[in-house]
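Hello,

Here is the structure I promised to pass on to you. Have a look at it first, and then read my notes below.

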Amino acid sequence: MTTCLTEKLKELGYDYEPAGLKVHGFHQAVRTGNLIFTSGQVSALGDVKFQGKVGQEVDLETAYKAAELCAYRCLQAVGAIDDVNKIKRVVKVLGMVNVAEGFHNTSGVINGATDFFNKLFDDNHARSAVGMVIPNDWAVEVEIVVEMED
């Protein structure tokens, strides 16, 4: 018997609830065929907020945790469209890191999202990890594409 995704999330310490669909004139996620694309999800959930430049105010370990939180928020965004237990696989991850000058380990940060997804799904995903300036000084932002069961 396989464990459903929401049970796996609970084992990892997350009490899953789907996100609302509409935010500031756009949607958290959109669907085309059996693919769901999420909007970028920033490193904040409730009272937990990770802000600042990675490599300056935010260290690598904290940024890794922030990327995991963003990955969880992406699953919440998928839930605004469909049941997350119907996710077949994560197809693509785009991780964006708010980098301080001289910080070059964006992959190490986004490993937080990758490792999180690899605990939940059997198949690996394609991924990009880039450094940039993120609005409102969020430490990390992640968006994903998932394939849903038919």
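**What I found**

Arg31 has a relative accessibility of 37%, so it counts as partly exposed; buried means under 20% relative accessible area, exposed over 50%, and partly exposed in between (1.4 Å probe, protein chains only). Before you go further, please note that this is a predicted model, in which local features need pLDDT of at least 70 and side-chain atom pairs count only at pLDDT 80 or more, while totals for chains, interfaces and linings use all residues. Residues are numbered from 1 along each chain as its sequence is written, and side-chain values use heavy atoms, with hydrogens and water left out.

**Salt bridges**

What does the side chain of Arg31 meet in a salt bridge? The partner is Asp82, at 2.7 Å from N to O. This pair links distant parts of the chain, since Arg31 is in strand S3 and Asp82 is in the loop between H2 and S8, 51 residues apart. A salt bridge here is a side-chain nitrogen of Lys or Arg within 4 Å of a carboxyl oxygen of Asp or Glu, and by this rule the count comes to 6.

Asp82 also meets Lys86 in a salt bridge (3.9 Å, N to O). Lys86 is partly exposed, with a relative accessible area of 39%. Together, Arg31, Asp82 and Lys86 are linked in a network of salt bridges.

Another salt bridge joins Glu68 and Lys65, whose closest N and O atoms are 3.1 Å apart. These two are 3 residues apart in helix H2, so about one helical turn separates them. Is Glu68 buried or exposed? At 11% relative accessibility, Glu68 counts as buried, whereas Lys65 is partly exposed at 39%.

**Helix H2**

Helices (H or I, at least four residues) and strands (E, at least two) are DSSP runs, numbered from the N terminus. Helix H2 covers residues 60-79 and has 20 residues. From its first C-alpha to its last it reaches 29 Å, close to the 28 Å expected at 1.5 Å a residue (the expected span is 1.5 Å times one less than the number of residues). Of the 20 residues of H2, 15 are buried, so the helix is largely enclosed by the rest of the structure.

Two strands pair if DSSP finds at least two bridges between them. Strand S10 (residues 140-148) has 8 of its 9 residues buried, so the rest of the structure largely encloses it. Which strands run antiparallel to S10?

- S8 (residues 87-98) is joined to S10 by 9 bridges and runs antiparallel to it; Leu94 stands opposite Glu143 there.
- S4 (residues 35-38) is joined to S10 by 3 bridges, also antiparallel, with Ile36 opposite Val146.
- S5 (residues 41-42) has 2 bridges to S10, again antiparallel, and the bridge partner of Gln41 is Val142.

S4 is joined to S3 (residues 29-32) as well, by 4 antiparallel bridges, and Val30 stands opposite Phe37. S3 and S4 form a hairpin with 2 residues between them, and Gly33 in the turn has a positive phi of about 60 degrees.

Happy exploring!
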